[in-house]
Amino acid sequence: MKPINSGAFSYVDYQSRLFSLLGSRGYEADVISFDGNFADYPVVIVPTAFVMSRKIQKKLETYVRNGGTLIATFLTSAKDECNTGYTDSLPAGLTEVFGVTVEEVDPVYEDNRTALRLINEEPEAEQNAEFGVGKDHIWSELLQGEAKPLGIYTEDYKTGKMVISSHRYGRGRAVYLGTDLPDEQMGELLCKLAKEAGAEPLPMKLPAGTQAFSRRLDGKEFFFLFNFSPDAVTIPLCRPMRDFLKEKPEATEVRLEKNGFAVLSGQ
C-alpha cells in the first residue's frame with residue numbers, strides 16, 4: 001500500500017479534530033474502545049482504523065444490521081491485529097456492510113488535491129451550495145459498489161468516481177469516507193449524518209474553545225459547560241435554563257469567564 005501523507009496526518013490529531021468538529025456544533029461524543037457497547041449509541045465513528053480484527057469486523061456488522069449508523073474513514077480495516085495485511089478487498093471484512101470496495105488509493109499532497117462534490121442521498125433534499133463542494137485531503141480512495149454516492153470527484157481522471165458512500169444494511173446504515181474534507185464540509189457532513197440517525201444536538205450554540213456535556217439525574221437534565229478559551233464568552237441557549245450553581249433565574253444565555261464553567265438545569 002502506498003504511504004500516507006505523514007506530514008499532514010497524525011492519528012491522535014485526526015480523531016481529536018473529528019471530536020472537536022462535532023462538539024463545536026453541539027453534538028456530544030464519547031471516546032470508547034472497540035470493547036465498548038456500540039448499542040448505546042445511534043452513531044459510531046471509526047476514524048482510520050487501519051488495524052482491525054475479524055472479531056471487531058463482525059461486531060461492527062452486527063451493530064449496523066441491528067439499526068446503528070456506522071461512519072468509517074479512509075484506511076479502515078487494512079491489517080489484522082497481528083499487523084498482517086488482509087488479502088481480501090478493502091475495507092476487509094466489511095465490504096458487504098458498506099456496499100463498496102476500494103478500487104484505487106493515493107496519498108494526497110497540496111499539489112495533487114482534487115475537487116469533489118457532496119450530494120444528498122435523497123435527491124429532493126436541500127443542501128447549501130457552499131457545503132457541497134471542496135477538495136480532498138491527506139488520502140484518496142476511489143470506491144466502487146452498490147452503495148449510493150455521497151461524494152464524487154469532479155475533475156481529472158477521477159471525475160464521476162465515488163469517494164464517499166452510503167449504504168443501507170439490515171436495519172442500519174454504513175457510510176464510508178474515502179478521503180478527508182475541509183473543516184466546514186466535514187463538520188456539516190458529520191452533523192447531517194448524526195441528525196439523520198436520530199442524534200440530537202445540545203440546546204446551545206458553542207463558541208470556539210468551549211465544550212458542553214449533558215447528564216441526567218432523577219429525571220432531570222443537567223448541562224456542564226466549560227470555557228477553555230483565553231477570553232470570557234457568552235453562550236446563547238436555545239431555551240431558558242437556570243444556573244444551578246449560582247442559583248440564578250432562568251435565562252437564554254450564560255456568560256463564562258476565562259477558564260470558567262457552569263452547570264445549567266434544563267428542566
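How much space lies in the second largest pocket? In this predicted model, the second largest pocket holds about 230 Å³ of space, and its lining is made up of 18 residues, of which Ser20, Gly23, Ser24, Thr210 and Gln211 are the closest to its centre. Both helix H1 and strand S11 contribute at least two residues each to the lining of this second largest pocket, with the largest share, four residues, supplied by S11. By residue class, the lining of the second largest pocket comprises ten nonpolar, seven polar and one charged residue.

The largest pocket, for its part, contains about 960 Å³ of space. A total of 36 residues line the largest pocket, and those that lie nearest its centre are Glu28, Ala29, Asp30, Tyr41 and Val43. Two or more lining residues of the largest pocket are given by each of several elements, namely helix H1 (11-23), strand S1 (43-46), helix H4 (183-196), strand S11 (210-217) and strand S12 (220-227). Among these contributors, H1 gives the most to the lining of the largest pocket, with five residues. The lining of the largest pocket consists of 26 nonpolar, four polar and six charged residues.

The leading contributor is H1 in the largest pocket, whereas in the second largest pocket the largest share comes from S11.

Terms used
Residues numbered from 1 in each chain as written. Predicted model: local features only at pLDDT ≥ 70, side-chain atom pairs only at ≥ 80, totals over all residues. Heavy atoms only, no water. 1 Å grid on protein atoms, 1.4 Å probe; cavity = no way out; pocket = protein on both sides within 12 Å on 5 of 7 lines; lining within 4 Å. Points joined across faces, edges and corners; volume = space filled by probe spheres on them. Nonpolar A, V, L, I, M, F, W, Y, C, P; charged D, E, K, R; others polar.
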